[in-house]
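Q: Hi! I've just opened this one and would like to talk it through with you. Could you take a look with me?

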Amino acid sequence: MAEFFKRTQTLALLIAGIGTSLGGLYTIAPQWALAQLNQLPYIVSDTIFIQHWGFLVLMMGCSFLIAIFRNDWIISVFWVALIEKLFFVSLVIGYSSQPFTHGFWLSMAMDSVICLYIAGYLLSCRQSKTKTLQ
């Protein structure tokens, strides 16, 4: 299992980085992003929150991309991303009966796949360390 994650980590970081960085669209064009990506009305009073959230997601995506070149970042970035993405997934599932979640299902699916990969990666690293210590 560890070999699989070592072979795929660069591609996984690249895909997760690009996919997650797309959240930066909410920073650059919040009105367009809400309407096109989430099918939600744009409410001017929410602009600061939307742009702030978009910037934070963009930074998470950039962290994935930087970790391609900084292997010492991978574990830390993965832990932060796992917590952040699991929280987002739990919010979408928790509010699934509300109509405003319809535009978030694709993002939730992407984050779920990323979380599964990260959990496998971290478990693999932990098992490798355990074998090394024995």
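A: Happy to! One thing to start with: the crossing of α4 and α5 is left-handed. Keep in mind that this is a predicted model.

Q: Nice. At what angle do α4 and helix α5 pack, and how far apart are their axes?
A: The angle is about 155°, and the axes of α4 and helix α5 (residues 74-94) are 10 Å apart. Angles over 145 degrees count as roughly antiparallel, so α4 is roughly antiparallel to α5.

Q: Which residues make that contact?
A: From α4 there are Met60, Ser63, Phe64 and Ala67. The α5 side brings in Ile74, Val77, Phe78, Val80, Ala81, Glu84 and Lys85.

Q: And how does the contact of α4 with α5 split by class?
A: Eight of its residues are nonpolar, one is polar and two are charged.

Q: What about α1 and α4, how close do their axes come and at what angle do they cross?
A: The axes of helix α1 (residues 2-21) and helix α4 (residues 47-69) come within 7 Å, crossing at roughly 160°. α1 and α4 are therefore roughly antiparallel to each other.

Q: Is the crossing of α1 and α4 left-handed or right-handed?
A: The crossing of α1 and α4 is left-handed.

Q: Which residues of α1 and α4 are in the contact?
A: On α1 they are Thr10, Leu13, Leu14, Ala16, Gly17, Ile18, Thr20 and Ser21. On α4 they are Val57, Leu58, Met60, Gly61, Cys62, Phe64, Leu65, Ala67 and Ile68.

Q: How many residues of the contact of α1 with α4 are charged?
A: None: the contact of α1 with α4 has twelve nonpolar, five polar and no charged residues.

Q: Let's zoom out. How many helices and strands are there in the protein chain?
A: Six helices and zero strands. Along the sequence the pattern reads α-α-α-α-α-α.

Q: What does the C-alpha trace span along its principal axes?
A: About 55 × 30 × 20 Å. Of the 134 residues in the protein chain, 38% are buried. Among contacts with a separation of 6 or more, 66% are between residues 24 or more positions apart.

Q: Where does UniProt place the feature "transmembrane region"?
A: The UniProt record, an unreviewed entry, puts it at residues 12-29, 49-69, 76-97 and 103-123.

Q: How much helix is there over residues 49-69?
A: That stretch is 100% helix and 0% strand, with its end C-alpha atoms 31 Å apart. Residues 76-97 are 86% helix and 0% strand, and their end C-alpha atoms lie 34 Å apart.

Q: What is Val89 in contact with, leaving aside its neighbours within four places in sequence?
A: Val89 touches Met108, Asp111 and Ser112. There is also a C-alpha separation of 8.1 Å between Val89 and Ala109, 20 residues apart along the chain.

Q: New topic: what is the phi of Gln39?
A: Gln39 has a positive phi of about 50°, although it is not a glycine. Most residues other than glycine have a negative phi.

Q: Where is Gln39 found?
A: Gln39 belongs to the loop between α3 (30-37) and α4. With a relative accessibility of 55%, Gln39 counts as exposed.

Q: And Gln36, where is that one found?
A: Gln36 is in helix α3, and at 47% relative accessibility Gln36 counts as partly exposed. Its C-alpha lies 8.9 Å from that of Gly103, although Gln36 and Gly103 are 67 residues apart in sequence.

Q: Which helix does Ile28 lie in?
A: Helix α2 (residues 25-28). Ile28 counts as exposed at 71% relative accessibility.

Q: Last one: is Arg126 buried or exposed?
A: Arg126 counts as exposed, at 63% relative accessibility. Arg126 lies in helix α6 (residues 105-133), and its C-alpha atom is separated by 39 Å from that of Phe100, 26 residues apart along the chain.

Definitions and conventions
Residues numbered from 1 in each chain as written. Predicted model: local features only at pLDDT ≥ 70, side-chain atom pairs only at ≥ 80, totals over all residues. Heavy atoms only, no water. Axes fitted to C-alpha atoms, helices over the stretch in contact; angles between N-to-C directions. Helix = DSSP H or I, 4+ residues; strand = E, 2+ residues; numbered from the N terminus. Parallel < 35°, antiparallel > 145°, perpendicular 65-115°, else oblique. Left-handed = near helix turned anticlockwise from the far one by under 90°. Contact = heavy atoms within 4.5 Å. Nonpolar A, V, L, I, M, F, W, Y, C, P; charged D, E, K, R; others polar. UniProt positions renumbered as here; feature names shortened; annotations may be inferred. Buried < 20%, exposed > 50% of the residue type's maximum accessible area, 1.4 Å probe, protein only.
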